[in-house]
Structure formats: structure tokens, C-alpha cells
Protein chains: 2
Amino acid sequence: MAIEKKIDCVILGLLSHEDLTGYEIKKRMDTSLKYFWGASYGSIYPALSDLVKNGMAVKRDETENNRHKIIYSITQKGRCHLKDWLRLPAEKDELRYETLLKLFFGNEAGALQAISHIDAFEEKIEKDLQHLTDSADILRKNVSSDDTHKYYLLTVEFGIKTYSAYLEWCREAKTMLKKER
Amino acid sequence: MAIEKKIDCVILGLLSHEDLTGYEIKKRMDTSLKYFWGASYGSIYPALSDLVKNGMAVKRDETENNRHKIIYSITQKGRCHLKDWLRLPAEKDELRYETLLKLFFGNEAGALQAISHIDAFEEKIEKDLQHLTDSADILRKNVSSDDTHKYYLLTVEFGIKTYSAYLEWCREAKTMLKKER
DNA sequence: GACAAATATATCAAATTGATATATTATTTA
DNA sequence: TAAATAATATATCAATTTGATATATTTGTC
């Protein structure tokens, strides 16, 4: 069997750190990974079934306070596949920014509308940047105790660097658009 | 009928600038738009049929040097839909970087492998940045003659700003990873 | 004249999203 | 304390989109 599809690899990666339920995997996607990768329930749950079917993970049922859980663990085979995939060069590095798309067609709608799209973008980025900065502060404190934090911190610093650049661009772009009116 | 799906809006945006064939639309996607939006033939050709069916575009057959072409033009109705969509706030601004994903799980594979992923990323970004810088130079010369170029330039400057930040991060990340060994 | 590259349209399986359904437990608010 | 809301948890499905591939002609190169 060839190296699995992306969603399988991401899940194996998360399971390599700790045992997780599907719900918890989704939470990791929406917090730690959200700035560079996403996944929906519609891909996570079927992928978990496939991983078990292919011997990459095992599941166990647990009931905690009457709440039913299915907890997944990575197997040795799963860890091998993860390592194989990590060795391969990254295939997909892409950005999909609707804000830039609307800006590209900005001539149709005019400078004022373009500025309001940039304002909305700026506001969202400022909020996210604050969140990233907070994460980085916490991670820097724990980076010596756990090596996985070191790599996590690298991705957060990527976010901080790029989001700061976004904000610079926002200001310059708005200046340019206002000057032209 | 509600505002169409993204691919329809992108195509309407491109057709608002000039008449195009499906093949030419794909070329625009792979050049002007490639740094912030992508689309495949599998979405372009069906979308063009739908746009014609819904009166957003019209097609005409042309034969140039025995080569058959289907050229699409935006209609008044299509232009209205485009304007409606441009007015709405951007829904999807997301980054999907497999390089960062592999880095996040870097602990499983070690610092050397992480560095080699960053090296590959850096090389690709350097090449793209050169291309973006060249585009910006050309655009700045034509920005006064055509207003659409102004908006195109804004997106190129976004690319330059962010790609420069990526390169800074690459250097710092590698320094950090080398120090730790 | 042969070969590769570019132009041009089209389709399809597979991957993925976004929304939704269902049910239980925990927490907040009236 | 009762009701409402949020969080936990699993699961499915239509719709969107990709990535690959098929086909055919023309243009440029060796």
C-alpha cells in the first residue's frame, strides 16, 4: 500500500503524540494546526475507520461518567508509515485567500470597497496574531521540558512572522488606495 | 438564485477584464492568481457551462488557424452577480502548508529532516519571490495606464511582503534547529 | 521530417468540506 | 431549581474541488 492520503498522515501525526478520540482530533485541528492545516469531521471519522482497518491504529471503547468514547492509538505499523511520509518532500504548500481574490477584482467595485475588505482582514489578523503571541509565550516556557513543543513553537513563530507582515501590508495597501482617490 | 460558488465568481471576475477561453482561464489561474487562488480544469469547464446556462456568460465558437476555440464573455447579469459577490465579506482565508505540517510533527523524524524540509521550502520561496519582484516591476510601469493593474499590484505586493517574511523565518528556524543539536 | 511543447476541451474517481442529525453531560442564567 | 445553552461525542451526506487522464490539433525545435 502506498503512503496514505493527507488526512491519514495528519491523524497519525497527532496520534504519535498521544491517544485521542475523533472529537479531540478535531479540536487539535481547530487549535494547534488551524493556522496551516484544517480538517472536517467528514474526513476525520472515515479516516479513523480506515486507519484501524489497515492496522495503522487501534481503537478501544471507554466510558467515562456515562459518556461513551472511542479512543485511538497509533500502532508500530502506523508509526512507520508516518515516518515514511515525513521523509517525503512536502507536496502542497498553498494559500487560498478570498480577500486577495476580491482585491484582485477590486477595479469592478472601487477603492472604498477594497479598503473595507482590507479592514476586515486586518482586524481578523490582529486578533489571531495576539493569540499566536500568547501561544508562543507559553511554549517558550515549556520548550526545554518537551521536544515536541520545540517544533510546535517553530510553526507558531512562522505565524507570528507572516501575520506581522500581513499587517504591514494592510497599512501600506490602504495608504496606496486612499492616495489614489 | 443565491450568489454562486467560488469558482463561478472567480471566472466572472476574470471575464470582467476580458473575453477568455477555458484554457486561457486556467492559464490566468496558474500565473496571475496562483499565489492566492487555484482552480483545475475539472472545475473550470463545468462552471463555464453553468454560467452560460444561468445567463451569466455567453459563448461563441471561433476557428483561428483551423484551431477550434470557445470564447466566453460576461453578460450584464453576470457583472451584477460579480458585484454582489464582491460586496460580501470574504469567507475563506486559509493557508495549507504541508511543510509546516511536517515540521509540526518534526520530533518524530529529527532536526536534520526538519532542516531539509525548510531548505526545500526556502528554495521554492526564493524562486517565487524573484518572479513576484519581476511582476511588480512591470506592473509599476503600467499602473497609471490601467486601473486593473493597481489592484493586481496590491496582490503582488502582498506576496512580496509575506514571502520575504517566510525567508526570514527560514533562516531563524534553521539557526534554532542547528543550535539544539 | 520527427519530436516535443503548447493549445484546447472534456471527463471522472477520489478527497474534502460544510452542514446537519443525534444524544448525552456540564455549565450558566433566570 | 428549572430551563437554556454550551460542550462533548460520533456519524453521515450532498456538493465542491482536485489531480489525473484522454483526445486532438498546431507550433516550434533539432
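In chain B, strand β1 (residues 57-64) and strand β2 (67-74) pair in the antiparallel sense, with 8 bridges between them. The model is a predicted one. The points below begin with this pair of strands and then turn to helix packing, the contact between the chains and the surfaces near the DNA.

**The hairpin of chain B**

- Within the pairing of the two strands, B:A57 has B:I74 of β2(B) as its bridge partner.
- β1(B) and β2(B) form a hairpin, and 2 residues lie between the strands.
- B:N65, in the turn, has a positive phi of about 50 degrees.
- B:N65 is also listed among the residues closest to DNA strand D.

**Two packed helices within chain B**

- Two packed helices are described by the angle between their axes and the distance between the axes.
- The axes of α2(B) and α3(B) cross at roughly 135 degrees and come within 10 Å.
- Because of this angle, α2(B) counts as oblique to α3(B).
- The crossing of α2(B) and α3(B) is right-handed.
- On the side of α2(B), the contact is made by B:G22, B:I25 and B:K26, and on the side of α3(B) by B:Y41, B:I44, B:Y45 and B:L48.
- By class, this contact has 5 nonpolar residues, 1 polar residue and 1 charged residue.

**The contact between chains A and B**

- In this contact, 55 residues of chain A meet 55 residues of chain B.
- On the side of chain A that touches chain B, at least two residues each come from α1, α4 (76-87), β3 (93-97), α5 (98-104), α6 (111-142) and α7.
- Helix α7(A) gives the largest share of that side, with 16 residues.
- The residues of that side of chain A divide into 28 nonpolar, 11 polar and 16 charged.
- Strand β3(A) and strand β3(B) (residues 93-97) run antiparallel and are joined by 5 bridges.
- In this pairing, A:D93 stands opposite B:Y97.

**Helix α7 against helix α7**

- Helix α7 (residues 147-179) of chain A packs against helix α7 (residues 147-179) of chain B at an angle of about 150 degrees, and their axes are 9 Å apart.
- An angle over 145 degrees counts as roughly antiparallel, so α7(A) is roughly antiparallel to α7(B).
- The two α7 helices cross in a right-handed sense.
- Residues in this contact include A:L154, A:F158, A:Y166 and A:W169 of α7(A), together with B:L154, B:F158, B:Y166 and B:W169 of α7(B).
- By class, the contact has 12 nonpolar, 2 polar and 6 charged residues.

**The surfaces near the DNA**

- DNA strand D is surrounded by 23 residues, and the closest are A:T21, A:G42, B:G42, B:N65 and B:N66.
- Near DNA strand D, two or more residues come from each of α2 (22-30), α3 (41-53) and β2 (67-74) of chain A and from each of α1 (6-17) and α3 (41-53) of chain B.
- The surface near DNA strand D has 7 nonpolar, 9 polar and 7 charged residues.
- Around DNA strand C there are 23 residues, of which A:G42, A:N66, B:T21, B:G42 and B:I70 come nearest.
- At least two residues each of the surface near DNA strand C are supplied by α1 (6-17) and α3 of chain A and by α2 (22-30), α3 and β2 (67-74) of chain B.
- The surface near DNA strand C has 7 nonpolar, 9 polar and 7 charged residues.

Conventions: Residues are numbered from 1 along each chain as its sequence is written. Chains are lettered from A and ligands numbered from 1 in the order in which they are written. This is a predicted model: local features need pLDDT of at least 70, side-chain atom pairs count only at pLDDT 80 or more; totals for chains, interfaces and linings use all residues. A residue is near a molecule or strand if its C-beta atom, placed from the backbone, lies within 6 Å of it. Helices (H or I, at least four residues) and strands (E, at least two) are DSSP runs, numbered from the N terminus. Ala, Val, Leu, Ile, Met, Phe, Trp, Tyr, Cys and Pro count as nonpolar, Asp, Glu, Lys and Arg as charged, and the others, Gly among them, as polar. Axes are lines fitted to C-alpha atoms, for helices over the stretch in contact, and angles run from 0 to 180 degrees between N-to-C directions. Angles under 35 degrees count as roughly parallel, over 145 as roughly antiparallel, 65 to 115 as roughly perpendicular and the rest as oblique. A crossing is left-handed if the near helix is turned anticlockwise from the far one by less than a right angle, and right-handed if clockwise. Two residues are in contact if their C-beta atoms, placed from the backbone, lie within 7 Å. Two strands pair if DSSP finds at least two bridges between them.
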